[in-house]
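Subject: Handover of a structure and notes on what was found

Dear colleague,

Please find below the structure that I am passing on to you. My notes on it follow directly after.

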Amino acid sequence: MTNRSANYEYVVARVRHRRASLFAEEDYRKLLGMGLGGIARFMEESPYQAEINDLGARYSGVQLIEYALNRNLARAFDDLLRFSEGELYELVARYLRKFDAWNLKTVLRGRFSDAEDEEIEENLIDAGELEPEFLDRLIAAPDIEAIVEIIEETTFGDAVVEAYPDYEETGLLTPLENAIDRAYYEGLLEDQIPDEGPMALYAEFLRTEIDFRNVRNVLRIVRSGAEIDPREYFIEGGQLFDSEEIAQLATDQDQLITHLRESRYGKHLGPAIDSLDAEANLTQFERALDEALLSFADRLSHVYPLSVCPVLAYILAKEREVDNIRAIAHGKETGLDRSTIENELVML
């Protein structure tokens, strides 16, 4: 990692200003009472104005909202990279590779479902390191095999190529998507990180995110009842399980819940874990995981205010805002009632 000086004070000040302009609970309550046209007009009077105006002539309804959200997210994170220098730039860029992973999975899903090229392109989020020309090559690829050959040129290549035979055997995208996620998360912690100071907290945040991802994956496997080896979905780098533990816990939900309750996350996830006891929908638990991760990032921000932690907290909060607006728009599109949509939201 470079020793160039990082401009933490400047970037954190910009991030705090932007965090203050994110939608509040009151804004979501207003959106919940609107139709799709009203939501788009509300966004037009917010930081989403430029994207709604740019796309408004070509799209309407949920498509307009979806594409505007994607573009705005890309612009917000592109700004972060533009603001950042030195070590801070490298940390932010590495974390934002999650959007490289998003884009690779979006292209795979689009080609798998025979989506139009334009539709695939509009669902990309240009906030990672992959160049637009590279993404254009992916979109132009005629089939999954050709896409995998192009992905081989990236840091995700080895994992995706290794997973390709499983895709051929099962006919499902899951092995390829899982390989991309694992390559992303395990790549975040590939460098030696100091045991003390703000960098240690950065690593702590990443390990927590990996733990929550592993919890989410194993619960989905348990609830699906499918004969899937959870070790194939295990992401290295967390602190909650190793691969053998997760394989054992996946066979017994009660034991898994006890493990969670007694873990370092138990006090933060207590009510959500109770809901698992009651066989509630996983959505509620996953929402609690998102809220706990965001809360954890905020706590780190207060411990080391001039570090990468406030920047990561802003990235998560911005993602949750976009996810919330998307959930409201799609809920309206599919006719869900207000309380059902509200249960999907993660309040900031």
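**Helix α2 and its neighbours**

Helix α2 passes α18 in a right-handed crossing. Please bear in mind throughout that this is a predicted model. The angle between α2 and α18 is about 15°, and their axes lie 10 Å apart. With that angle, α2 is roughly parallel to α18. On the α2 side, the residues that take part are Tyr28, Leu31 and Leu32; on the α18 side, they are Glu321, Asn324, Ile325, Ile328 and Lys332. By class, the residues of this contact are 5 nonpolar, 1 polar and 2 charged.

The residues of α2, which spans 25-32, can also be considered by burial. Asp27, Tyr28, Leu31 and Leu32 are buried there. Viewed down the axis of α2, these buried residues fall within an arc of 140°, so they line one face of the helix.

**Helix α9**

Which residues of helix α9 (residues 132-140) are buried? They are Phe134, Leu135, Leu138 and Ile139. Seen along the axis of α9, the buried residues fall within an arc of 140°, and they therefore line one face of the helix. The face of α9 turned away from this buried side carries Glu133 and Ala140, which are exposed. The buried residues of α9 pack against α7, α8 and α10 (144-151).

Two packed helices are described by the angle between their axes and the distance between the axes. Both values are given below for two further pairs.

Helix α1 (residues 8-20) packs with helix α5 (residues 61-83) at an angle of about 160°, and the axes are 10 Å apart. The two helices, α1 and α5, are therefore roughly antiparallel to each other. Their crossing is right-handed. In this contact, Tyr10, Val11, Arg14, Val15 and Arg18 of α1 meet Ala76, Asp79, Leu80 and Phe83 of α5. The contact of α1 with α5 has 6 nonpolar and 3 charged residues, and no polar ones.

Helix α13 (residues 197-224) packs with helix α15 (residues 253-261), also at an angle of about 160°, with axes 11 Å apart. This makes α13 roughly antiparallel to α15. The crossing of α13 and α15 is left-handed. From α13, the residues Val215, Val218, Leu219, Val222 and Arg223 meet Gln253, Leu256 and Leu260 from α15. The residues of this contact comprise 6 nonpolar, 1 polar and 1 charged.

**Individual residues**

Thr106 belongs to helix α7 (residues 98-112). Is Thr106 buried or exposed? Its relative accessibility is 12%, and Thr106 therefore counts as buried. Apart from neighbours within four places in sequence, Thr106 is in contact with Ile120, Asn123 and Leu124.

Asp114 is found in the loop between α7 and α8 (117-122). Because its relative accessibility is 65%, Asp114 counts as exposed. Most residues other than glycine have a negative phi. The phi of Asp114, in contrast, is near 60°, a positive value in a residue other than glycine.

Glu232 is found in the loop between α13 and α14 (243-249). With a relative accessible area of 45%, Glu232 is partly exposed. Where residues up to four places away in sequence are not counted, Glu232 touches Asn178 and Arg182. Glu232 and Ala247 are 15 residues apart along the chain, and their C-alpha atoms are separated by 9.5 Å.

**In brief**

- α2 is roughly parallel to α18, whereas α1 and α5 are roughly antiparallel to each other.
- The crossing of α1 and α5 is right-handed, whereas that of α13 and α15 is left-handed.
- Thr106 is buried, Glu232 is partly exposed and Asp114 is exposed.

With kind regards

Note on methods
Residues numbered from 1 in each chain as written. Predicted model: local features only at pLDDT ≥ 70, side-chain atom pairs only at ≥ 80, totals over all residues. Heavy atoms only, no water. Axes fitted to C-alpha atoms, helices over the stretch in contact; angles between N-to-C directions. Helix = DSSP H or I, 4+ residues; strand = E, 2+ residues; numbered from the N terminus. Parallel < 35°, antiparallel > 145°, perpendicular 65-115°, else oblique. Left-handed = near helix turned anticlockwise from the far one by under 90°. Contact = heavy atoms within 4.5 Å. Nonpolar A, V, L, I, M, F, W, Y, C, P; charged D, E, K, R; others polar. Buried < 20%, exposed > 50% of the residue type's maximum accessible area, 1.4 Å probe, protein only. Arc of directions from axis to C-beta.
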